[in-house]
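Please read the points below with the sequence and the model open beside you.

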Amino acid sequence: MATMTKTASQTASSPRPSRLPAETLQQWLRDMLLIREFEVRCMQAYQNKKIGGFCHVYIGQEAVAVGCTAALKPDDPIITAYRDHGHALARGMDPKHCMAEMFGKIGGCAKGKGGSMHMFDKEHWLFGGHGIVGAQTPLGAGLAFATKYIDEVIHGGKSKKVTLAFLGDGALNQGAFHEALNLAGLFDLPVIFCVENNGYSMGTAISRGTTMGHDITSKAIGYGMDSAVVDGMDILKLYEQFKPVVDKARETSRPAFVDIRTYRFKGHSMSDPRKYRTKEEEQTYEAEDPIDRLAMTLMADYEWPRETYDQMIKEVRDQVRDSVEWADASPVPPIEELYTDVYVEEWGPYKGTSLPEMLKKNQS
Amino acid sequence: MTREIEFRDAIREAMSEEMRRDQRVFLMGEEVAQYNGAYKVSKGMLDEFGPRRVVDTPISESGFAGLCIGAAMMGLRPIVEFMSWSFSLVAADPILNNAPKMLYMSGGQFGCPIVIRGNNGAGGQLGSTHSWCVEGLFSNVPGMKMVMPFDPYDAKGMMKTAIRDDDPVFFLESERLLSTKGEVPSPEEDYTVPFGKAKIRRAGKDCTIVSFGRPLYFCLEAAEALAKDGIECEVIDGRTIRPLDLDTIIKSVVKTNYCVVVDQSWSFGSPGSEIAAQLHRLCFDHLDNYVGRVHSEDVPAPYAYNLEQEMLPNARKICEAVRAVTYNA
């Protein structure tokens, strides 16, 4: 990347985090492996034409979704853009519903009506997957407005929740992003704008599309909010750097902006030949694989046996394979679904609304 | 018990009554609070509800429309005021891509119970950018409801219905109607006006005229003039464009055998063209001529007074259209 001369791990100068329990790290590793394996199988399924439309995989960025959501409470809202499978899985969506959504099946989280770019999970406070670059940022400010309004105006208490609004570095140049930051600053909204800065908006390097691309926290200064630069390739550093931002946003009910330095190992989407960057650059980042790094830490610092890691990899592979089989077996949406969920109210040709299987099952 | 109040008061009463009833309801927009509303619709609401529920915004339509959509996903019931629907175009992505599609794209998980309201249509010599009739553009989009009240009674009753509705509602007011007066039940009477129920504003047997919102005044003026020549028009106020009450229109056309649609949006791909197409299909055997249509002329809204008047639907054009379709030209 032209302007990001330092690799992500070099930008973070903070010392190693205080020792977290091995179980926590193992869970993170498992979650990251799940996302990686899920995305690998998505790529295969896309090649096999089981997945249509656009498909943007999260390989390389796994530490971001897993580490950021680990810093939250389970009922803190999150919202993201179209590279969203990782956030759904990190938040706890069963991969079979995620895969079925990709396959356009009724068992999908949105009954096959949203697809890869539009993962929603009400139970896990995931307010989408949104396909238009930057469009989710004002919505994220609105989620924070609402949690604060509910806690303070309706219940007369103190604002308790923090919203994470994820966006890519490409969204920095959209009007909606700037309007959202201004409103969040004006209204004191407890929302953290988490920029997954992988250095490219599709094929355009950040230096070609964004002024001050070498230091995007400069955007936050103009809106009067705290900012931080976070290592997105090392989940331990990320957690250590990000958790205080979450805690402060919760405590002060103020917005923040985080530049999370990461890298997508694959193309923008499945059809991207990556001609705009060098093999050497890719290899530099691949050498920093966030999954390998955490596994090594566990084995070196926590005396975690290699066999346990191998066993974890096998379990995750089995789980994703089962998810693919489940998604394959899930029926296509019945034609009647065409006219459901258009309106809540039933009128004219519209058949009202109903929850997807994913949530119905949890209600029973 | 009724009393006569202005259109703007009717909207304010509806919003205030619903805000007293339901704490999830709040109003957000430019100049709605401290300025008391650019058109004084929200006058006094800041004093009653405070700045947390009557929220001033910067000039940032895309931002605050998107913010309110996020809040609606969380279960609040925002009312967004656009000073003019003309300004909604910079918020096209949130109001067209998010609000009406959220329920569908989330597979039924997240609805969007939001009301978006403001002035629509030509105000008075504002030039083309400020004179949008968005019903032609936006009624094309499934997932939202579109309301165009004609009088204070409907404005209040339909605003209450809109706020209570679980789906997104685009509420199209008119700057030219805000000071008009009408009989409205006293505040103790909690009435609502349902969506999808047209109202016959004038009964007649010779030709049906269908319209929405402000152009109904021109329709009634035309009907008065035509009656002097023995042509009795039935003027139907559609009230809501989505849902559209075709049944009431069809019933009238079956009786009159003639129909003229008056729609202030441009003719190409409009509520007027939709109604005409539906009637040609559903009333084919009852129509004794094509469905006549009066729209704004197919040009940008001009500034000059005489040109603007000629650009918009008016009584003269409606009379001409009725005479033409009823073979009285």
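1. The centres of domain 1 of chain B and domain 2 of chain B, taken over C-alpha atoms, are 26 Å apart. Domain 1 of chain B covers 2–185 and domain 2 covers 199–324, with bounds that come from an automatic or database domain assignment. This is a predicted model, in which local features need pLDDT of at least 70 and side-chain atom pairs count only at pLDDT 80 or more, while totals for chains, interfaces and linings use all residues. Residues are numbered from 1 along each chain as its sequence is written, and chains are lettered from A and ligands numbered from 1 in the order in which they are written.

2. Where the two domains of chain B meet, domain 1 contributes 24 residues and domain 2 contributes 23 residues; two residues are in contact if their C-beta atoms, placed from the backbone, lie within 7 Å. On the side of domain 1 of chain B that touches domain 2, the elements giving two or more residues are α6 (135–138), β6 (145–147) and α7 (152–164) of chain B, and β6(B) gives the most, with three residues. Helices (H or I, at least four residues) and strands (E, at least two) are DSSP runs, numbered from the N terminus.

3. By class, that side of domain 1 of chain B has eleven nonpolar, nine polar and four charged residues. Here Ala, Val, Leu, Ile, Met, Phe, Trp, Tyr, Cys and Pro count as nonpolar, Asp, Glu, Lys and Arg as charged, and the others, Gly among them, as polar.

4. Between the chains, 42 residues of chain A are in contact with 36 residues of chain B. The elements of chain A that give two or more residues to this side are β2 (126–129), α6 (136–154) and α7 (175–186), with the largest share, twelve residues, coming from α6(A). This side of chain A has 25 nonpolar, eleven polar and six charged residues.

5. In chain A, six strands form an open sheet with parallel pairing, in the order β2-β1-β3-β4-β8-β7, where two strands pair if DSSP finds at least two bridges between them. The edge strands, each pairing on one side only, are β2 and β7 (226–231) of chain A. Within the sheet, β4 (residues 191–197) and β8 (residues 256–261) of chain A pair in the parallel sense over six bridges, and Ile192(A) stands opposite Ala256(A) in β8(A).

6. Which strands does α6(A) touch as it packs on the sheet? They are β1 (78–80), β2, β3 (163–168) and β4 of chain A, and the direction of α6(A) makes about 175° with that of β3(A); axes are lines fitted to C-alpha atoms, for helices over the stretch in contact, and angles run from 0 to 180 degrees between N-to-C directions.
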